[in-house]
Amino acid sequence: MIKFTALRPFLQPATSLTSLFPSPEYLVGKHDGAERGQQQVGEDPKESQEEDEDEVLPTTPTSVNYHFTRQCNYKCGFCFHTAKTSFVLPLEEAKRGLQLLKQAGMEKINFSGGEPFLQDRGEYLGKLVKFCKVELGLPSVSIVSNGSLIRERWFRDYGEYLDILAISCDSFDEQVNVLIGRGQGKKNHVENLQKLRMWCRDYRVAFKINSVINRFNVEEDMNEQIKALNPVRWKVFQCLLIEGENSGEDALREAERFVISDKEFEGFLERHKDVSCLVPESNQKMKNSYLILDEYMRFLNCTSGRKDPSKSILDVGVEEAIKFSGFDEKMFLKRGGKYVWSKADLKLDW
Ligand code: SF4
């Protein structure tokens with residue numbers, strides 16, 4: 001049974017943001033799947049019945065992934081958050097939304113995209129990172145990036161406010177990166193990764209690696225390189241199909257040729273079982289165990305295999321919007337979603 005923390009007050013926003021910035025057509029009016037998402041995956045019906053008799057309190061947005069931009073400078077063939085719009089909220093509106101989330105119980109924010117360092121050369125992101133750490137006092141502020149646009153100056157200006165930087169790296173073979181779509185002209189993705197690792201050490205930011213295991217890297221042995229980079233966590237995802245993003249008619253990608261079977265994914269994990277920081281995420285674990293906010297600050301519900309948006313938290317508040325998020329809090333806890341996520345508690349040997 002899921003136990004929720006105490007009810008917290010929720011602020012109602014003053015203006016309707018999505019009326020100022022109309023939603024793209026493809027994302028409007030698809031709440032059916034989201035409503036279905038209120039049924040928790042794998043829940044025992046008897047258990048649910050008992051739970052109904054208890055006071056049902058709203059889901060707490062403990063850990064939120066805010067994909068504030070869909071724009072990216074890479075073209076990964078399996079990308080599951082594609083550039084369907086170029087919209088980014090005005091900075092003050094984004095801060096207002098983050099404030100609402102904090103009041104609703106948020107402890108960890110992860111900024112993602114698209115590529116989050118693309119907007120205003122990383123300044124937009126830096127200002128949000130600083131706001132979350134200094135003004136909101138969040139225990140954990142993190143970023144997921146492809147790493148290609150990060151400059152040392154950014155670390156100098158904002159590094160102290162950032163707990164964790166996760167860099168996507170799917171292969172240590174540059175040819176494979178090019179095949180996947182992570183190639184960027186003369187820049188070498190792997191060399192760049194090593195430089196970022198050093199900056200993280202120098203500026204005291206915990207370093208994490210995310211890898212998506214797919215058809216082109218499933219046979220690779222990454223043991224040596226990962227151990228040398230020594231990240232605090234190595235998140236290993238199984239390539240996932242999301243309708244409307246990387247699969248189906250209205251998608252910008254066709255990821256079918258990247259997909260691997262569960263058995264192949266297990267084979268990759270088995271080969272890397274000695275890497276102690278490895279955190280595996282199969283499709284099943286991944287699907288509904290993230291609270292995802294899109295560029296309009298709408299929760300995206302993945303329970304129907306596509307990303308169906310709620311209303312914006314800026315329009316209806318967090319408590320109302322989160323009902324349509326499809327978030328599986330049980331799976332979030334089961335996959336270890338709540339871990340030591342503040343650099344102050346990580347006790348790192350920098
Ligand atoms: S780097 Fe990330 S956001 Fe950009 S195309 Fe690749 S998977 Fe998508």
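Mentor: Let's settle what a pair is: two rings of Phe, Tyr or Trp (for Trp, its six-membered ring) pair if their centres lie within 6.5 Å, and the planes count as stacked when under 30 degrees apart, edge-to-face when over 60, and tilted for the rest. Keep in mind that this is a predicted model, where local features need pLDDT of at least 70 and side-chain atom pairs count only at pLDDT 80 or more, while totals for chains, interfaces and linings use all residues. Residues are numbered from 1 along each chain as its sequence is written, and side-chain values use heavy atoms, with hydrogens and water left out.

On that basis, the structure holds 13 aromatic pairs. One of them joins tryptophan 154 to phenylalanine 155, edge-to-face, at 6.2 Å centre to centre with 85 degrees between the planes. Tryptophan 154 has 6% relative accessibility and counts as buried, and phenylalanine 155 is buried too, at 2%; the cut-offs are under 20% relative accessible area for buried, over 50% for exposed and partly exposed in between, using a 1.4 Å probe and protein chains only.

Phenylalanine 155 also pairs with tyrosine 203, this time tilted, at 5.7 Å centre to centre and 35 degrees between the planes. That pair links distant parts of the chain, 48 residues apart: phenylalanine 155 is in helix α6 (residues 152-158), whereas tyrosine 203 is in the loop between α8 (189-202) and β5 (206-213). Helices (H or I, at least four residues) and strands (E, at least two) are DSSP runs, numbered from the N terminus. Tyrosine 203 is partly exposed, with a relative accessible area of 22%. Put together, Phe117, Trp154, Phe155, Tyr158, Trp199 and Tyr203 form one aromatic cluster.

Now for the ligand. Around it you'll find Cys72, Tyr74, Cys76, Cys79, Gly114, Asn146, Arg182 and Arg253, where near means that a residue has a heavy atom within 4 Å. One of these, glycine 114, is found in the loop between β2 (108-112) and α5 (123-135). Another, arginine 253, is twelve residues along the chain from leucine 241, with 10.0 Å between their C-alpha atoms. Leucine 241 lies in the loop between β6 (233-238) and α10 (262-271) and is partly exposed, at 33% relative accessible area.

Two backbone spots deserve a glance as well. Most residues other than glycine have a negative phi, and most peptide bonds are trans. Asparagine 230 has a positive phi, near 50 degrees; asparagine 230 lies in the loop between α9 (223-229) and β6 and is exposed, at 52%. Methionine 297 also has a positive phi, near 60 degrees; methionine 297 is found in the loop between β8 (291-293) and β9 (298-301) and is buried, at 0% relative accessibility.

Last stop: histidine 81, in the loop between β1 (63-67) and α4 (91-103). Histidine 81 is buried, with a relative accessible area of 3%, and its side chain makes a polar contact of 2.9 Å with the side chain of lysine 307. A polar contact is a pair of N or O atoms within 3.5 Å; within protein, one must be able to donate a hydrogen and the other to accept it, and residues adjacent in sequence count only if both atoms are side-chain atoms.
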